[in-house]
Each structure stands twice: as C-alpha cells, then as structure tokens.
Amino acid sequence: MRKAKLQKEKRDLRQRPEIKMEDREDYWKVKSAVLHREAVFREKQRQKFRRFCFQEAEGPQQVLTRLQELFCQWLQVERSSKEQILELLLLEQFLNILPREMQNWVKERTPDTCLEAVGLAEEFLRRLQTAEKSGEQVRKVRGRLMTLLSELRWFKCRPAGYFC
C-alpha cells in the first residue's frame with residue numbers, strides 16, 4: 001500500500017503544471033506555473049513531515065529513518081543551502097504563530113521568504129486599519145442618515161400650519 005502511494009506521488013510530481021497551450025510560449029506564465037507547482041509540492045512535503053506519527057513505522061529506527069526522508073524531501077537538502085533551510089523553518093514558525101485570519105491571508109499569497117511574509121502581514125494590518133476607518137466613516141454617515149430620517153419623520157408628522 002505504501003509503495004503504491006509513493007509511486008502515485010512520483011507520477012504526480014512528473015506532471016507538468018496546468019497551463020494552456022497558447023500560454024506555453026509565455027515565459028512569465030510558465031515560470032509562474034512552475035513556481036506555484038513547486039510551492040504546492042513543498043507545502044505537501046512539509047505537511048507529511050509534520051503529520052508523521054510514530055505508529056506509521058515499525059520501531060524507533062524506522063521512525064527516525066522515515067522522518068529523515070520526509071525532512072529531506074520537504075527541505076530539499078541536496079539543493080538547498082543551510083541558510084535556505086533555516087529560512088524555511090523560520091518562515092514556517094512565523095506563519096504558524098500569526099493570528100488565524102492573518103495567517104490564512106498571508107499563506108494564500110505564498111511568501112517564499114520571511115521578509116515577504118512580514119511585508120504581507122504588515123499589508124494585512126494596513127488593510128484592516130483602512131477597513132476599520134471606513135467602517136467608522138460608514139457608522140458616522142449611517143448615524144447622520146438616521147438623524148435626518150427621524151427629523152424627516154417629525155416634519156411629516158407635525159400638524160398642518162405648524163411653523164417654528
């Protein structure tokens with residue numbers, strides 16, 4: 001069963017990113033598709049590493065061996081420098097400690113570095129502040145409208161011939 005799962009994963013990896021025939025000549029679209037595919041792959045590998053359980057192997061030695069395999073697949077240690085690996089670990093932890101709504105928003109934009117993630121988190125906060133300010137303005141306008149409506153109702157309900 002495990003062997004079949006590994007073979008399916010290898011087949012999935014060999015598939016080219018989803019890109020329309022007419023877009024295959026556009027360098028930027030191809031590059032974007034490849035980078036997106038790599039980001040998705042890396043996230044799946046990270047999840048496998050983080051979700052691995054002791055019960056999935058037969059004994060401590062096999063657990064450690066499997067963890068090492070998953071770790072190497074996730075961080076691509078044969079292609080990554082020490083600094084890149086540390087960056088990924090730090091990025092993962094940074095994303096995990098963000099408040100849930102901010103975390104989801106930042107993760108949707110798939111930052112590759114900690115600096116990108118910080119910039120996105122700051123942008124999220126700016127947008128939130130702008131929305132709150134807009135919300136305050138809407139509440140003020142709504143309050144003014146309610147005042148005008150109540151004055152209008154009072155004006156319509158007063159007896160004919162009544163002047164201030």
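The second largest pocket of this predicted model is lined by 24 residues. Ala39, Arg42, Leu88, Pro111 and Asp112 lie nearest its centre. A pocket here is an open set of points on a 1 Å grid over the protein atoms alone, where a 1.4 Å probe fits, with protein on both sides within 12 Å along at least five of seven lines. Lining residues have an atom within 4 Å of a point. The space in the second largest pocket comes to about 800 Å³. That volume is the space filled by probe spheres set on the points, with grid points joined across faces, edges and corners. Rolling a probe the size of a water molecule over the atoms shows where empty space is left.

Helix α2 (27-51) and helix α4 (82-97) each supply at least two residues of this lining. The largest share, nine residues, comes from α2. By class, the lining of the second largest pocket holds eight nonpolar, seven polar and nine charged residues. Ala, Val, Leu, Ile, Met, Phe, Trp, Tyr, Cys and Pro count as nonpolar; Asp, Glu, Lys and Arg count as charged; the others, Gly among them, count as polar.

The model is predicted, with residues numbered from 1 along each chain as its sequence is written, and local features need pLDDT of at least 70. Side-chain atom pairs count only at pLDDT 80 or more, whereas totals for chains, interfaces and linings use all residues, and side-chain values use heavy atoms, with hydrogens and water left out.

The chain has six helices and zero strands. From the N terminus on, its elements run α-α-α-α-α-α. Helices (H or I, at least four residues) and strands (E, at least two) are DSSP runs, numbered from the N terminus. Of the 164 residues in the chain, 21% are buried. Buried means under 20% relative accessible area, exposed over 50%, and partly exposed in between (1.4 Å probe, protein chains only). Among contacts between residues at least 6 apart in sequence, 32% join residues at least 24 apart. A contact has heavy atoms within 4.5 Å.

Gln103 lies in helix α5 (residues 100-108). Gln103 counts as buried because its relative accessible area is 4%. Its side chain reaches two backbone oxygens: that of Leu95 at 2.6 Å and that of Asn96 at 3.3 Å. Polar contacts are pairs of N or O atoms within 3.5 Å; within protein, one must be able to donate a hydrogen and the other to accept it, and residues adjacent in sequence count only if both atoms are side-chain atoms. Leaving aside neighbours within four places in sequence, Gln103 is in contact with Leu95, Asn96, Ile97 and Leu98. Gln103 and Phe124 are 21 residues apart in sequence, and their C-alpha atoms are 9.6 Å apart in space.

Glu92 is found in helix α4. With a relative accessible area of 7%, Glu92 is buried. Residues up to four places away in sequence are not counted here; Glu92 then touches Arg46, Arg50 and Trp74.

Val30 belongs to helix α2. Val30 is partly exposed, at a relative accessible area of 30%. Val30 and Lys20 are 10 residues apart in sequence and 9.6 Å apart in space, C-alpha to C-alpha.

Backbone geometry draws attention to two loop residues. Most residues other than glycine have a negative phi. Gln76, in the loop between α3 (60-75) and α4, has a positive phi near 50°. At 6% relative accessibility, Gln76 is buried. Thr110 is placed in the loop between α5 and α6 (114-157). Its phi is positive too, at about 40°, although Thr110 is not a glycine. Thr110 is partly exposed, with a relative accessible area of 42%.

A search of the whole structure finds zero disulfides. A disulfide is a pair of cysteine sulfur atoms within 2.5 Å. Cys53 is partly exposed, with a relative accessible area of 34%. Cys114 counts as buried, at 13% relative accessibility.
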